Amino acid sequence: MKHIPVLLVLGIALSLCNLTNRFKNSGKSGETGKPSSASETGGEAEHATPTAAQVQALEGGQTAKWDQQGMSWTVPPKWTEATNESKMLVWRSPGSWDAANLIVNISAMDESFPTDISIKAFYDGAKTRSKNGEVDELKWLEIDGLKGVEFRESNPEQPDGIRRLQWMAYRKYGGQVQLVNLILSSSGKGFPKHQDEMYGILYSTKIVH
């Protein structure tokens with residue numbers, strides 16, 4: 001039962017990745033697999049800068065490495081690795097339904113995949129969700145030199161419902177154009193308790209691109 005929240009988040013992450021299939025037959029817009037310019041994606045990106053509280057939340061932490069994908073994070077000392085596969089990484093905090101999760105999924109795309117069109121579509125989709133009250137934070141965010149879309153879901157109606165902080169970006173790695181889909185989540189009730197450490201983890205992302 002303790003793995004149910006993780007499985008639900010994975011399902012959402014994979015369903016979001018499937019949205020990119022809509023653009024596979026579209027024309028190119030700029031060079032694929034590289035950070036897009038502001039003119040191509042609609043705005044300047046904010047640089048990931050943790051607050052003092054977010055830095056403190058990771059004090060004494062450990063490094064979560066994903067060597068297969070050239071990525072790493074700083075996570076709190078008591079977090080543990082749950083999954084480390086070629087296309088998916090999962091770390092989790094102590095706890096049950098109120099635990100926090102780091103879930104990263106990689107989706108490989110065709111070399112000609114229009115990354116600029118797709119990432120803008122992810123932004124526009126989150127903007128629509130924001131207008132509907134489903135998202136309460138949305139911005140272009142650059143992490144370790146890679147520009148992506150960051151958004152945070154609004155508090156769910158039920159306290160045990162899942163709330164997500166998500167960052168999506170495209171990169172070129174290992175000869176592939178890849179969508180990097182990074183989710184930090186907890187229950188609606190547990191989210192405030194974990195919020196500083198989740199933002200700290202997100203901003204600590206090191207990624208080869």
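A nonpolar core is here a set of buried Ala, Val, Leu, Ile, Met, Phe, Trp, Tyr and Cys residues joined through side-chain atoms within 4.5 Å, where buried means under 20% relative accessible area with a 1.4 Å probe and protein chains only. The structure is a predicted model, in which local features need pLDDT of at least 70 and side-chain atom pairs count only at pLDDT 80 or more, while totals for chains, interfaces and linings use all residues. Residues are numbered from 1 along each chain as its sequence is written, and side-chain values use heavy atoms, with hydrogens and water left out.

The largest nonpolar core holds 29 residues, of which Trp73, Leu102, Val104 and Leu202 touch the most other members. At least two residues of this core come from each of β2, β3, β5, β6, β7, β9, β10 and α5, and α5 gives the most, with six residues. Helices (H or I, at least four residues) and strands (E, at least two) are DSSP runs, numbered from the N terminus. Apart from this core lies another, of 15 residues, among them Phe113, Phe122, Tyr123 and Tyr170.

With contact taken as heavy atoms within 4.5 Å, and residues up to four places away in sequence not counted, Trp73 touches residues including Trp66, Leu89, Leu102, Val104, Leu182 and Ile201.

Two open sheets can be described, with strands said to pair if DSSP finds at least two bridges between them.

| Sheet | Strand order | Pairing |
|---|---|---|
| eight strands | β1-β7-β8-β9-β10-β6-β5-β4 | mixed |
| three strands | β2-β3-β11 | antiparallel |

In the sheet of eight strands, the edge strands are β1 (46-47) and β4 (80-84), each pairing on one side only. Two bridges join β3 (residues 71-75) to β11, with Ser72 standing opposite Lys206.

Helix α5 lies across β6, β7, β8, β9 and β10, running at about 160° to β10, where axes are lines fitted to C-alpha atoms, for helices over the stretch in contact, and angles run from 0 to 180 degrees between N-to-C directions. Its buried residues include Phe191, His194, Glu197 and Leu202. α5 bends by about 30° at Glu197, the bend being the angle between axes fitted to the seven residues ending there and the seven starting there.

Technical notes. Buried means under 20% relative accessible area, exposed over 50%, partly exposed in between (1.4 Å probe, protein chains only).
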